[in-house]
Amino acid sequence: MSVEVIAIGGYEEVGKNMSAVKVGDDVVIFDMGIHLDRVHIHEDTDIARMHSLDLIERGVIPDDTLMKDVDGKVRAIVFTHGHLDHIGAVAKLAHRYQAPIIATPYTIALIERTIKAERKFNVLNTLQVLNAGEKCQISPGITLEFIQSTHSIPQSVIAALHTPEGIIVYALDFKFDDHQKISPPPDYHRLRELGRKGVLAMIVETTRATEKQEVKTHSEKVARIVLEDIMKNPLEEKTGMIVTTFSSHMERIQAISDIAAKSDRQMLLLGRSMERYCGLAEAMGILKLPENASIYGSPKAVNRALARAEAKREDYLLITTGHQGEPDALLPRIANAKTQFRIQRGDNVVISAPVIPNPMNVANRNLMERRLASSGARIYTNAHVSGHAGREDHRDFIRMLNPMHIIPAHGDLNMLSAYAEVAEEEGYKLGNDIHILRNGQAQVFNGGIR
């Protein structure tokens, strides 16, 4: 029985992730993401009224039309976490497959909201919860297992498909963090067990592969300490204060909340995606906010909250979207004096997110920071640690799993090639057991465990 890995999206870009694994006549799809760099798509963008074919044409979502030529039955659609570059296209594509959607509870809840907001397609796929540490039978020959992992969003997992020909591991995205407050540490013991059982192939993210420093990614504990150092004194000042970060980064938002709770300021979480991610996490008991915290997503509600903060800025801490400088997101609008809250000299702005590296983001972020500074704001940009594994983490991961084959994913050619360099240092060989694919290509394995 052959095993085939089909690269649908995310093999020529960061995002738009979608892969399929075909085992005999059974197919399992992993991820249906969007490409955040295209047509100004970002975490506050609403694509619910856009058609899938238009989005495919623009390069926003994966071109899954190639699946029409795949001779097999899709048995499951699997998501390992809830970021938009992994789940953002689910409402546009899932209805084409008569298969359950499987994910952890928080990810399922995010997918359910995405499906309910959809205006073009009627998505009727069954939603099935699978927790970290659990398994479910996909077909007579395939079992899906979720392994506890850590990332920058709660309830992230690494997926393992147990097949008659060996285990296929899908690891998009992860970091090795033993000190998160919301998520338990990764299950290193289980990963090593899989390595001993026999991993046929590993599909793995390459987000930080081009960073040549031989590094392990710092824990969120480091970000918590940095944030506390930055925020402690400004929280006591009679000035405005804004923090911006990824709206899905519950670890970071929990840290900001815990620091703010030691002050007299009221927290206002502002922006559509803040409402989506944080409101859901709070309702599920994942995020613990102070009693005086409020979340506002609609433009009218956000404007009313900003007006209150403008009237007595020393009483509020604003947590906003817009860390990349996206022109229509909230912090850039504040920087451009397009809201009722106006930056004044001495206000403090903490940007707890890196610039996502593409020319548009770099330009937008630079412009936003210059406008904030020109209005007299103090800007802090160093309050962040990555949610992705560094090169040394990947080296550890390869040694844990000892896979027969490695397929780098979630990156452009430079990133995939950089990962191949790390794998070659671990004894693998490009073209032999390292396979660099492009969107639309496939790699066939004829089984056999070394």
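1. Phe174 and Phe397 are both buried, where buried stands for under 20% relative accessible area, exposed for over 50% and partly exposed for what lies in between, with a 1.4 Å probe and protein chains only. The model is a predicted one, in which local features need pLDDT of at least 70 and side-chain atom pairs count only at pLDDT 80 or more, while totals for chains, interfaces and linings use all residues. Residues are numbered from 1 along each chain as its sequence is written, and side-chain values use heavy atoms, with hydrogens and water left out.

2. The structure holds 5 aromatic pairs, a pair being rings of Phe, Tyr or Trp (its six-membered ring) with centres within 6.5 Å, called stacked if the planes are under 30 degrees apart, edge-to-face if over 60 and tilted otherwise. The ring centres of Phe174 and Phe397 are 4.6 Å apart and their planes stand at 40 degrees, so this pair is tilted. Because Phe174 lies in the loop between β10 (166–171) and α5 (188–197), and Phe397 in helix α12 (residues 391–401), the pair ties together parts 223 residues apart in sequence. Helices (H or I, at least four residues) and strands (E, at least two) are DSSP runs, numbered from the N terminus.

3. Phe174 and Phe397 also belong to one aromatic cluster, together with Phe176 and Tyr188.

4. An open sheet is formed by 6 strands in the order β14-β13-β15-β12-β16-β17, with parallel pairing; two strands pair if DSSP finds at least two bridges between them. Its edge strands, each pairing on one side only, are β14 (294–296) and β17 (378–380).

5. Strand β13 (residues 266–270) runs parallel to β14 and is joined to it by 3 bridges, and Leu269 stands opposite Ile295 in β14.
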